[in-house]
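Hi everyone, thanks for having me.

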Amino acid sequence: MDGVQEAELFVEENGVIKFTSASQIKAQKVHVEGSQISVEGSIDATDNLDKGGEVHLFGKDIFLQGARIDASGLIGGGEVWLEGSFRGKENTAYASQVII
């Protein structure tokens, strides 16, 4: 698929999608969906020439201890969604807890 990059940065352990502290990803769009998501590494969706990118983390339980998430850009920031769309309007998961 064009523009989609699969990598083994994510680890599934006991039903939890984990992005470990040693993991780093740089992409214009990062979209992760799962029941439980744990991010300890860095997600970089910055753009030095344009508007920042998109980071979407949709899940019931989202844990971001030690995470670094950046979607800044030269002409404006991008978007970071950490639980889904407003009141689940766009068929995305609505988190019951987000721990930062």
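Let me begin at one residue, D70. Leaving out its neighbours within four places in sequence, D70 is in contact with I43, D44, A45 and T46. Please keep in mind that what you are looking at is a predicted model.

So where does D70 sit? You will find D70 in strand 9, which covers residues 68-70. Its side chain also has a polar contact with the side chain of R68, at 3.5 Å.

Now look at the partner of that strand. Strand 6, residues 42-44, runs parallel to strand 9, and three bridges join the two. One example to find on screen: I43 has I69 as its bridge partner in strand 9.

If you are new to sheets, here is the general idea: strands of a sheet pair through backbone hydrogen bonds, either parallel or antiparallel.

Next stop, strand 7. How many bridges join strand 4 to strand 7? There are five, and strand 4 (residues 29-33) runs parallel to strand 7. Within that pairing, V30 has V55 as its bridge partner. Strand 7 also pairs with strand 10 (residues 79-81), again in the parallel sense, over three bridges. There, the bridge partner of E54 is E79.

Is strand 7 largely enclosed or open? Four of its five residues, 54-58, are buried, so strand 7 is largely enclosed by the rest of the structure.

Let's pick out H56, which is found in strand 7. Its relative accessible area is 10%, and the cut-off for buried is under 20%, so H56 counts as buried. What does its side chain touch in a polar way? It makes a polar contact of 2.7 Å with the side chain of E79. Setting aside neighbours within four places in sequence, H56 is in contact with V30, H31, V32, E79 and W81.

W81 brings us to the aromatic rings. How many aromatic pairs does a search of the whole structure find? The search finds one. That pair is F58 and W81, and it is tilted, with 6.1 Å from centre to centre and 45 degrees between the planes. The pair links distant parts of the chain: F58 is in strand 7 and W81 is in strand 10, 23 residues apart. The two rings also come from residues with their own accessibility values. F58 is buried at 2% relative accessibility, whereas W81 is partly exposed at 26%.

To finish, let's step back to the whole chain. What kinds of secondary structure does it have? There are zero helices and eleven strands. Of its 100 residues, 33% count as buried. Among contacts between residues at least 6 apart in sequence, 51% join residues at least 24 apart. The chain exposes about 6500 Å², and carbon and sulfur atoms supply 47% of that.

Terms used. Residues are numbered from 1 along each chain as its sequence is written. This is a predicted model: local features need pLDDT of at least 70, side-chain atom pairs count only at pLDDT 80 or more; totals for chains, interfaces and linings use all residues. Side-chain values use heavy atoms; hydrogens and water are left out. Buried means under 20% relative accessible area, exposed over 50%, partly exposed in between (1.4 Å probe, protein chains only). Two strands pair if DSSP finds at least two bridges between them. A polar contact is a pair of N or O atoms within 3.5 Å; within protein, one must be able to donate a hydrogen and the other to accept it, and residues adjacent in sequence count only if both atoms are side-chain atoms. Contact means heavy atoms within 4.5 Å. Rings of Phe, Tyr and Trp (its six-membered ring) pair if their centres lie within 6.5 Å; planes under 30 degrees apart count as stacked, over 60 as edge-to-face and the rest as tilted. Accessible areas come from the Shrake-Rupley method with a 1.4 Å probe; for residues, only the protein chains shown count as cover.
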